[in-house]
Structures are given as C-alpha cells and as structure tokens.
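Me: I have a model open and would like to talk through how its parts pack together. Could you take my questions one at a time?

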Amino acid sequence: MHCPYCRHTDSRVLDSRVAEDGAAIRRRRQCPSCERRFTTLEQMQLVVVKRSGVVEPFSRDKVVTGVRKACKGRPVSEADLARLGQQVEEALRAGGQAEIPADDVGLAILGPLRSLDAVAYLRFASVYKHYDSVEDFEAEIENLRGQLVVPR
C-alpha cells in the first residue's frame, strides 16, 4: 500500500473494522516515512462476464437501471429499486464467486423483482428466460397465479 501523501511503499495498519454490513474492511494506516495517517477500504471485487467474453466490474446502478425499465409505469419507488439492487448484490456476493456470468445476474434479479411487482417481473423475465412464444408467457402467468397469496 503506497502512502497517498509521500508515495512511500509501506504502511502500518493501526486499526481494522468491518464496514458496509460485512462486505468490506476499513483499515486505518500510518506511513512510517511521513507519519501521516490515512484510511483504506478493502472490498472483494465482483466482476460480470458478458456473453461476448468481456469482463467488467459489477455495478448495482446498472441493475437498478435495467429493472427501472421493466418497472416503467408501475407503482415502484426509487427506494424499492435501491433495495432490490442491494438484495441482488448481496445474493451474488453470498455465492462466493468473483466472476459471475451476465445471465446469472439477470436470474438473480428475478426473485426480488417477483416479490416487488408481478408485471415488472414478467417484463424482465421475458428477456432473461428467453421467452419464445405466448405460451411461455401464459405458463409463467399461471406459475405466478399459483404462488400469489390472496388476501381475505
């Protein structure tokens, strides 16, 4: 770890704490050369492998942007979308893999989205489950109906 002030190549860890609900480690460091202190945040990097083979860092914002399109015109708030993005990221991190295929990200979105809004779920699922016909939609709707709890 280089000192951000004098670029010395070493530093001493003074304190380590869990941050971001266990997703990262915050370390307080001191440079032995200039004796200035600084903080680092260590986090496991999650990367998405696209169908083309291109690898890019996981972005919660991209998840929210994609889901926002499926939720257009639906009663879903920005706070709901932010929660969904967090749930998806937590689920992917819990999987323990650093490289995730893009299709797996789409599939990880389906569970939380299904709970959030059935219509948005169908819109999103039609892309990630590769629906080819009206029958695919009908089968998914029947599946949704079978799992919906009717209030009394």
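This is a predicted model: local features need pLDDT of at least 70, side-chain atom pairs count only at pLDDT 80 or more; totals for chains, interfaces and linings use all residues.

Me: Let's start with the helices; how do α1 and α2 cross?
Reply: Helix α1 covers residues 60-70 and helix α2 covers residues 78-94, and their axes come within 9 Å of each other and cross at roughly 130°. The crossing in which α1 passes α2 is right-handed.

Me: Which residues make that contact?
Reply: From α1 the contact is made by Arg60, Val63, Val64, Val67 and Arg68, and from α2 by Glu78, Leu81, Leu84, Gly85, Gln86, Val88 and Glu89.

Me: Take Val63 in α1, then: is Val63 buried or exposed?
Reply: Val63, a residue of helix α1, has a relative accessibility of 5% and therefore counts as buried.

Me: What does Val63 touch, leaving aside its neighbours within four places in sequence?
Reply: With those neighbours left aside, Val63 is in contact with Phe58, Leu84, Gly85, Val88, Val105 and Ile109.

Me: OK, on to α4 and α5; how do they cross?
Reply: The axes of helix α4 (residues 118-128) and helix α5 (residues 134-147) come within 11 Å and cross at roughly 145°, and α4 passes α5 in a right-handed crossing. On the α4 side the contact is made by Ala118, Tyr121, Leu122 and Ser126, while α5 contributes Phe137, Glu140, Ile141 and Leu144.

Me: Switching to rings, how many aromatic pairs are there?
Reply: The structure holds 1 aromatic pair, formed by Tyr131 and Phe137 in an edge-to-face arrangement, with 4.8 Å from centre to centre and 75° between the planes.

Me: How accessible are Tyr131 and Phe137?
Reply: Tyr131 counts as buried at 14% relative accessibility, whereas Phe137 is partly exposed, with a relative accessible area of 33%.

Me: What sits over the ring of Tyr5?
Reply: The charged end of Arg36 sits over the ring of Tyr5, at a distance of 3.8 Å from the centre of that ring.

Me: Last topic, backbone angles: what is phi for Arg7, and where is Arg7 found?
Reply: Most residues other than glycine have a negative phi. Arg7, however, has a positive phi near 65°, and this residue is found in the segment before β1 (12-19). At 53% relative accessibility, Arg7 counts as exposed.

Me: And what about Glu35?
Reply: Glu35 has a positive phi of about 65° although it is not a glycine. Glu35 is found in the loop between β2 (24-30) and β3 (37-43), and it is exposed, with a relative accessible area of 57%.

Notes:
Residues are numbered from 1 along each chain as its sequence is written. Side-chain values use heavy atoms; hydrogens and water are left out. Rings of Phe, Tyr and Trp (its six-membered ring) pair if their centres lie within 6.5 Å; planes under 30 degrees apart count as stacked, over 60 as edge-to-face and the rest as tilted. Buried means under 20% relative accessible area, exposed over 50%, partly exposed in between (1.4 Å probe, protein chains only). A charge sits over a ring if NZ of Lys or CZ of Arg is within 6 Å of the ring centre and within 35 degrees of the ring normal. Axes are lines fitted to C-alpha atoms, for helices over the stretch in contact, and angles run from 0 to 180 degrees between N-to-C directions. Helices (H or I, at least four residues) and strands (E, at least two) are DSSP runs, numbered from the N terminus. A crossing is left-handed if the near helix is turned anticlockwise from the far one by less than a right angle, and right-handed if clockwise. Contact means heavy atoms within 4.5 Å.
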